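Colleague: I would like to learn how to read a model like this one. Please take me through it feature by feature.

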Amino acid sequence: MKSHGQNPFSVTGKLTTTPLPLLNLLSYLFFFVFGLTFGIIFCFHYKSFSFNLQVTNGQFSIFTTRSLVNNQPSHLTISSSTPNFDTPRRSIEVRWSGLNEMMSEEELLWKASMIPKIKEFPFKRVPKIAFMFLTRGEVILAPLWEKFFKGNEGLYSIYVHSDPSFNGSEPEGSVFNGRRIPSKEVLWGNVNMVEAERRLLANALLDFSNQHFVLLSESCIPLYNFSTIYTYLMNSTQNFVESYDLLGPVGRGRYSNRMGPTIKIEEWRKGSQWFGIDRDLAIEVVADKHYFPVFQNYCNGPCYADEHYLPTFVSMKSGATNSNRTLTWVDWSRGGPHPSKFIRTDVTPEFLMKLRSGSSCEYNGRKTNVCFLFARKFTLDALDRLLRFAPQVMQFNR
C-alpha cells in the first residue's frame with residue numbers, strides 16, 4: 001500500500017505549507033480586542049488617580065494621588081475621602097487661609113465680609129487670636145514674640161503689613177516667616193494707614209477660626225504670657241477700641257463740615273489706633289462702604305484718620321459692646337505728636353510690673369487692675385533686657 005511507504009513527517013510538512021497570514025491576523029485581532037477591553041476597564045476604574053514614578057536611593061516606587069488635590073490653588077486647604085456605600089458620601093472641605101496675593105483689594109474685602117448662614121462649623125475649629133502687625137519693615141522685637149508664642153501653636157495667627165519697599169526675610173522656623181500680606185505704602189497720619197488696618201483685618205477674616213483681632217506695631221511688647229492674653233480676650237464680652245469726645249483743636253477741631261450729614265460733629269470721636277475687636281465688629285469694619293469713604297474724602301491735613309475713623313465708627317455702630325479703652329499702654333506724658341520711646345536702661349522688672357498692674361479699669365462689669373495687655377514704644381536696644389526679664393515678670397514659661 002502506498003501508505004506503508006509514506007514519510008511519517010509528511011503530514012506536518014503539509015501543515016507547514018498552509019498559508020500563515022490568516023493565522024497571524026487572527027492572533028493579532030485576539031490580542032488587540034483583549035488589550036482594548038483591559039484598557040477601557042483600567043481607565044474607568046482609575047480615572048480619578050494620577051501616577052507618579054519616584055526614585056529613592058536607586059529604587060523605584062509608584063504612588064497615586066488624586067488629581068483633584070493636584071489641581072487646586074495653593075491657597076486652599078482641601079481634605080477629601082473616597083466614597084463608598086458603607087460610608088457617608090465624599091465631601092470636600094475648602095477653607096481660605098489668607099495671605100492671598102491673587103485677589104484684588106476689592107475682592108479681598110468682599111470675601112472677608114461674608115457671614116455663613118449655617119452656624120455649625122463643618123470642621124473641627126479651635127478659636128484663634130489674630131495678631132496683626134503694622135510695621136515699616138521687620139518686627140524688630142521678634143525674638144521676644146517668639147518666646148511669647150512658643151508652645152501655643154494652633155491658638156493664634158500672625159499677619160504682618162510692612163512697607164512694600166521692604167525686601168527683608170524672616171529666618172526659617174520663625175513664627176513670622178511667610179506671614180507678610182500684600183501691602184501698600186502707608187504714610188504717617190494719612191488715611192492709607194486705616195486702609196492698611198482694613199487690609200490686615202480682611203486677610204485675617206479669611207480664616208474662620210480667627211475670633212479676635214489685635215492690632216500691634218513693631219515696637220509693641222506683650223505684658224503677660226499667652227494663656228493670660230488668650231483667656232482675657234476670649235472671655236471678654238466687649239471690644240477694646242478707645243473712643244471719647246474731645247473738645248479743642250485735636251478733637252472736634254479736626255472735624256470737617258463736609259462730613260455731614262453722614263457724620264455729625266456730635267458723633268465725632270477720637271482714640272488710639274491700637275485695638276482689640278471680635279469677629280462681628282471686624283466684619284463690620286471691612287464691609288463699611290458708608291462711613292469710610294467720608295474719611296477718605298475729607299479727613300486729611302490736620303485730621304489723622306487712624307485716630308478718628310474707628311473710634312467714630314464703633315461709637316456709632318457698636319457703642320453698647322465697646323469698653324471705650326485700648327489694650328495697649330503708651331506714654332504721652334512728654335507731649336508732642338508721638339508717644340515716648342523706651343530704651344535699654346528704661347527696662348526694669350519694676351517698670352514692667354507697673355505697666356502690668358498699675359492701672360484700674362472694668363472687665364466684664366468688674367473692677368480689675370489688668371487693663372493693658374501690650375505696651376509700646378520699645379526700641380531694638382531694649383530687646384536684650386526684655387528677653388532677660390520676660391520669664392521672670394511676664395511668666396512666658398507658664
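Colleague: What ground rules apply to the values?

Modeller: This is a predicted model, so local features need pLDDT of at least 70 and side-chain atom pairs count only at pLDDT 80 or more, while totals for chains, interfaces and linings use all residues. Residues are numbered from 1 along each chain as its sequence is written, and side-chain values use heavy atoms, with hydrogens and water left out.

Colleague: How do I read pLDDT, and what does the chain average?

Modeller: pLDDT is the predictor's confidence in each residue, from 0 to 100. The average for this chain is 81, and 74% of the residues score at least 70.

Colleague: Where does pLDDT stay under 50?

Modeller: One such stretch is residues 1–18, with 1 contact beyond four places in sequence. A contact means heavy atoms within 4.5 Å. Residues 43–98 are also below 50, yet this stretch has 67 contacts in the model beyond near neighbours in sequence. Where pLDDT is low, the predicted coordinates should not be read in detail.

Colleague: How many helices and strands are there?

Modeller: Both are DSSP runs numbered from the N terminus: helices are H or I with at least four residues, strands are E with at least two. The chain has 12 helices and 13 strands.

Colleague: What share of the contacts joins residues 24 or more positions apart?

Modeller: Take the contacts with a separation of 6 or more. Of these, 73% are between residues 24 or more positions apart.

Colleague: And burial? What percentage of the residues is buried?

Modeller: Buried means under 20% relative accessible area, exposed over 50%, and partly exposed in between (1.4 Å probe, protein chains only). Of the 398 residues in the chain, 41% are buried.

Colleague: Why does asparagine 210 count as buried?

Modeller: Asparagine 210 counts as buried because its relative accessibility is 0%. The residue sits in strand S7, which covers residues 210–217. Its contacts, leaving aside neighbours within four places in sequence, include Lys128, Ile129, Ser157, Tyr159 and Arg279.

Colleague: Now the cysteines. How many disulfides does a search of the whole structure find?

Modeller: A disulfide is a pair of cysteine sulfur atoms within 2.5 Å. The search finds 2. Number the bonded cysteines in sequence order and the pairing reads 1-2, 3-4.

Colleague: What are the details for cysteine 299 and cysteine 303?

Modeller: Their sulfur atoms are 1.9 Å apart. The link is left-handed, with -90° about the S-S bond. Cysteine 299 is buried at 3% relative accessible area, and cysteine 303 is buried at 2%.

Colleague: Which cysteine does cysteine 361 join?

Modeller: Cysteine 361 is joined to cysteine 371, S to S 2.2 Å.

Colleague: How should I read salt bridges, and what does the count come to?

Modeller: Side chains of opposite charge can pair when their charged atoms come close. The rule asks for a side-chain nitrogen of Lys or Arg within 4 Å of a carboxyl oxygen of Asp or Glu. The count here is 10.

Colleague: Which residue forms a salt bridge with glutamate 105?

Modeller: Arginine 199, with the closest N and O atoms 2.8 Å apart. The pair links distant parts of the chain, 94 residues apart: glutamate 105 is in helix H4 (residues 105–112) and arginine 199 in helix H6 (residues 192–205). Glutamate 105 is partly exposed at 26%, whereas arginine 199 is buried at 4%. Glu105, Lys184 and Arg199 are linked in a network of salt bridges.

Colleague: Is arginine 136 buried or exposed?

Modeller: Arginine 136 is exposed, with a relative accessible area of 63%. Its salt bridge with glutamate 218 has closest N and O atoms 3.4 Å apart. Glutamate 218 is buried at 12%.
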